[in-house]
Amino acid sequence: MSDPIYVTRPYLPPLAEFLPMLERIWETRVLTNAGPFHVALEERLRTLFEAENVTLTTNGMLALTAALDAAEIEGEVVTTPYSFVATTHAVKMGRLTPRFVDVRASDLNIDPQAIEAAITPQTRAIVAVHVYGNPCAVEEIDAIAARHGLKVIYDAAHAFGVRYKGRSLLSWGDFATLSFHATKAFNTFEGGAIVSRAASRTSLDRLRNFGIQDEVRIPAVGTNAKMSEFNAALGLLQLDHFEGVRAARAAVDRRYREMLEDVDGIDVLAIPDEVVPNHSYFPILVRPGFGASRDAVYEALKAENIYSRRYFYPLLSSLPMYQDMPGADSANLPVATRAAEEILCLPIFPDLAAEDQERIVGILRSLA
Ligand code: T4K
């Protein structure tokens, strides 16, 4: 059997380019706590994201929990059931109540009309996810938040480098949080960041460093969510390679779209207008009209050593700790419920060979 193909394979820059950075760390012995690589990466990301402030973190989960903490809210948030479990866990760990609303069929992002209908006197924020890096209805969400005095927090774990209408998608919302996990379009092994307004900078800096202001002043409660120099140095190098990675992913995406165009019963999410995507995922929807169920497709690929993933199944609202939360009833979430049953993310990564894509699509066709 041929080598396994996983849903993703992290991009790594040439090791020779990283070694001088490691030597520098070895020389200076500055390993963490806002060292020079950390400072430089925050600065470069601030420019790239067109943001007032960027706060690096250990990972995307801590970025989201810190952002929710910095938002200083209590009560309910309106959120999506269609995401990775970190989204709702962060809400819950912030002692907030998630109120689930449905997603739109076009991109599987939270439906703005459903948001407005779900707002109660307890609602304090909207926690939305740019699923697969496709932009949420940011203008409408902004307008709803302004009308009702709500904060907007985007879980932008999938959206590194995405641009919308000529502007970084990450510049939308009160907070946008990123993941630089190994499986993401931009990785620092583990890592994350919070994009926020300048006013949040001090509180986020303290939050990620035990609430410490200086050697003798600790004015706030905080955690340890700092990014190390190793991860920050890698991030700087990965940034130099990011556009090449994006282009390679785009080529893989394009080939899949061409190959799948005439396969009845398989739908592909369209790349929305005015978006520069990062192609971090390649989701397909296996419709009832296809010759096999989504799970049968998953198993057939697996039998050939190809590991697709059901991102995002099961729905978060169906998990034991969330099934009694407001809005969690599947009758309230018909679009998300259907998507969770039909979704399959095919392997996509910069060096996925065209022959391997042909093999993957060949297996799909054999089931049509
Ligand atoms: N919000 C959203 C919307 C998210 O999607 C995520 C994370 C977060 C928040 C939280 O961000 P972080 O705290 O993670 O920074 C993966 C990732 O662990 C997770 O980061 C990601 N979303 C989620 C969608 O996917 P798994 O359990 O599917 O990962 P795993 O280990 O099965 O990896 C998938 C495949 O990738 C493997 O089969 C092989 C390949 N792989 C993976 C790793 C870790 C590699 O080739 N090398 C590697 O080092 O969750």
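How far is an oxygen atom of the ligand from an N or O atom in the side chain of Tyr-311? The separation is 2.5 Å, which falls under the term polar contact (a pair of N or O atoms within 3.5 Å).

The model is predicted, so local features need pLDDT of at least 70 and side-chain atom pairs count only at pLDDT 80 or more, whereas totals for chains, interfaces and linings use all residues. Residues are numbered from 1 along each chain as its sequence is written, and side-chain values use heavy atoms, with hydrogens and water left out.

| Residue | Protein atom | Distance to a ligand oxygen |
|---|---|---|
| Tyr-311 | side-chain N or O | 2.5 Å |
| Ser-179 | polar side-chain atom | 2.7 Å |
| Gly-60 | polar backbone atom | 2.8 Å |

On its own the ligand has 910 Å² of accessible area, and the protein covers 74% of it (Shrake-Rupley method, 1.4 Å probe).

The shell around the ligand holds 24 residues, of which Asp-155, His-158, Ser-179, Arg-309 and Tyr-311 come nearest; a residue is near if one of its heavy atoms lies within 4 Å. Domain 1 (15-238) and domain 2 (242-367) each give at least three residues to this shell, with bounds from an automatic or database domain assignment.

Tyr-311 also takes part in a cis peptide bond with Phe-312, where omega is about 20°. Elsewhere, Ala-34 has a positive phi, near 60°, although it is not glycine. Most residues other than glycine have a negative phi, and most peptide bonds are trans.

Terms used:
A polar contact is a pair of N or O atoms within 3.5 Å; within protein, one must be able to donate a hydrogen and the other to accept it, and residues adjacent in sequence count only if both atoms are side-chain atoms.
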